Amino acid sequence: ECGVIARSLCEAMSKLLEEYLAFVSNLDYQSRDSSSTKNGNALAMSAVYVQAQPSIRTMAILSQVVATVQGKKGGELLNALHNLMTLNYSGDEKGNNLLQHLLTKCAAP
């Protein structure tokens with residue numbers, strides 16, 4: 001059983017996961033696209049690596065969020081997210097922005 005704040009966090013993370021799945025689906029489509037392969041424009045592993053870096057970083061941050069807030073509810077969950085943001089991602093713009101987004105979604109009335 002979870003509260004409103006935990007459900008809000010799950011919703012926000014679910015939307016990020018949907019975006020990730022759309023990205024993976026797009027990569028899959030590009031790798032299977034026969035017209036690109038015939039023209040010599042096949043998707044190279046280096047291109048996949050470069051395109052995937054932002055998503056990999058986001059998934060790593062979300063994994064840390066899950067580990068941090070597991071078993072917490074309400075204000076304790078918000079404090080854990082805030083502490084994670086200030087202690088681990090204060091100098092990391094991407095991490096800070098992502099955690100700020102999650103905090104904003106969770107704390108919204």
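Reply: Let's start with the residues around the opening: Ser8, Glu11, Ala12, Lys15, Leu16, Glu19, His101 and Lys105 line the largest pocket. Keep in mind that this is a predicted model. The elements that each put two or more residues into that lining are helix 1 (4–32) and helix 5. Helix 1 is the top contributor, with six residues. Sorted by class, the lining comes out as four charged, two polar and two nonpolar residues. As for volume, the pocket holds about 170 Å³.

Helix 5 covers residues 93–107, and its axis comes within 9 Å of the axis of helix 4 (residues 74–88), with a crossing angle of roughly 165 degrees. Angles over 145 degrees count as roughly antiparallel, so that is how helix 4 runs relative to helix 5. The crossing of these two helices is left-handed.

So who touches whom here? On the helix 4 side you have Leu77, Leu78, Leu81, His82, Leu84 and Met85, and they meet Asn96, Leu99, Gln100, Leu103, Cys106 and Ala107 of helix 5. By class, this contact has nine nonpolar residues and three polar ones, with no charged residues.

Conventions: Residues are numbered from 1 along each chain as its sequence is written. This is a predicted model: local features need pLDDT of at least 70, side-chain atom pairs count only at pLDDT 80 or more; totals for chains, interfaces and linings use all residues. Side-chain values use heavy atoms; hydrogens and water are left out. Axes are lines fitted to C-alpha atoms, for helices over the stretch in contact, and angles run from 0 to 180 degrees between N-to-C directions. Helices (H or I, at least four residues) and strands (E, at least two) are DSSP runs, numbered from the N terminus. Angles under 35 degrees count as roughly parallel, over 145 as roughly antiparallel, 65 to 115 as roughly perpendicular and the rest as oblique. A crossing is left-handed if the near helix is turned anticlockwise from the far one by less than a right angle, and right-handed if clockwise. Contact means heavy atoms within 4.5 Å. Ala, Val, Leu, Ile, Met, Phe, Trp, Tyr, Cys and Pro count as nonpolar, Asp, Glu, Lys and Arg as charged, and the others, Gly among them, as polar. On a 1 Å grid over the protein atoms alone, a cavity is a set of points where a 1.4 Å probe fits but cannot get out, and a pocket is an open set with protein on both sides within 12 Å along at least five of seven lines; lining residues have an atom within 4 Å of a point. Grid points are joined across faces, edges and corners, and a volume is the space filled by probe spheres set on the points.
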